[in-house]
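User: Please examine the structure below and discuss its helix packing and its pocket.

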Amino acid sequence: TPTGAAILTTLAEEFGPIKNFVIDKVAYGSGMREYPRHTNYLRVLLGKQVGAAETPGTGLPLIREELLLITAEIDDMPAELFGSALESLMAAGALDCHFVPVQMKKNRPGVSLHVLTDKARVNELLPIIFRQTTTLGVKLLPCDRLSLHRRLETVDTPYGPVRVKLGIWDNEVLKAAPEFEDCRAAGAKAGVPVMEVYKAASAVAANLATKVKP
């Protein structure tokens with residue numbers, strides 16, 4: 001209604017996803033007029049704005065990032081092309097990319113493409129998806145990622161130095177995982193299977209994960 005539009009334009013500062021907002025009550029109201037393409041309902045959320053430290057998932061020793069998940073379902077593309085598209089997306093700066101098998105319309109097996117990215121790279125990734133896959137459309141889903149603080153340390157193994165990625169909660173090392181490419185390079189140089197290097201590095205990494213780091 002004109003009155004509702006006036007209220008929104010006067011009170012609202014922006015339109016978008018609800019952020020840093022704790023909902024107390026939700027109310028619905030229905031209008032008398034019928035529309036062919038949409039419902040005539042109004043939803044009102046009553047609550048309060050909170051600071052970042054009070055937002056669920058924050059106030060903890062974690063990294064919080066506002067990201068986008070690009071998804072598309074594909075059922076008409078040769079399997080060989082999926083690997084090439086994934087490599088191109090990762091090279092262009094996607095944070096993560098993977099495929100999920102799905103059952104689609106007309107009982108066709110298909111693949112759901114999932115690409116995680118920060119908002120600044122969306123315009124770089126979309127052309128790759130449309131040029132290198134057969135999809136005609138994608139979905140953009142806002143999402144938050146919470147992750148441990150991380151740092152790299154180098155450990156000594158019988159096959160040479162290997163970098164280890166540490167996952168840190170406050171000052172405690174919760175997780176420690178060898179970098180696979182380092183293990184592969186060390187294994188090739190020493191003439192041993194990469195699994196042997198990975199096991200050796202994991203044994204040292206396990207000791208790091210039990211220590212508290214300042």
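Analyst: In this predicted model, helix H2 passes helix H3 in a crossing that is right-handed.

User: What is the orientation of H2 relative to H3?

Analyst: Helix H2 spans residues 79–91 and helix H3 spans residues 122–132. They pack with their axes 10 Å apart, at an angle of about 170 degrees. Angles over 145 degrees count as roughly antiparallel, so H2 is, relative to H3, roughly antiparallel.

User: How many residues of the contact of H2 with H3 are nonpolar?

Analyst: From H2, the contact is made by Ser84, Ala85, Ser88 and Leu89. H3 contributes Leu125, Ile128, Ile129 and Gln132. Divided by class, the contact has no charged residues and 3 polar ones, and the number of nonpolar residues is 5.

User: Which element gives the most to the lining of the largest pocket?

Analyst: The largest pocket holds about 1500 Å³ of space. Helix H1 (2–11), strand E1 (21–30) and strand E2 (41–49) each supply at least two residues of its lining. With 6 residues, the element that gives the most is E2.

User: How many charged residues does the lining of the largest pocket have?

Analyst: The lining of the largest pocket comprises 30 residues, and those nearest its centre are Leu8, Ala12, Phe15, Leu42 and Arg43. By class, the lining has 14 nonpolar and 10 polar residues, and the number of charged residues is 6.

Methods. Residues are numbered from 1 along each chain as its sequence is written. This is a predicted model: local features need pLDDT of at least 70, side-chain atom pairs count only at pLDDT 80 or more; totals for chains, interfaces and linings use all residues. Side-chain values use heavy atoms; hydrogens and water are left out. Axes are lines fitted to C-alpha atoms, for helices over the stretch in contact, and angles run from 0 to 180 degrees between N-to-C directions. Helices (H or I, at least four residues) and strands (E, at least two) are DSSP runs, numbered from the N terminus. Angles under 35 degrees count as roughly parallel, over 145 as roughly antiparallel, 65 to 115 as roughly perpendicular and the rest as oblique. A crossing is left-handed if the near helix is turned anticlockwise from the far one by less than a right angle, and right-handed if clockwise. Contact means heavy atoms within 4.5 Å. Ala, Val, Leu, Ile, Met, Phe, Trp, Tyr, Cys and Pro count as nonpolar, Asp, Glu, Lys and Arg as charged, and the others, Gly among them, as polar. On a 1 Å grid over the protein atoms alone, a cavity is a set of points where a 1.4 Å probe fits but cannot get out, and a pocket is an open set with protein on both sides within 12 Å along at least five of seven lines; lining residues have an atom within 4 Å of a point. Grid points are joined across faces, edges and corners, and a volume is the space filled by probe spheres set on the points.
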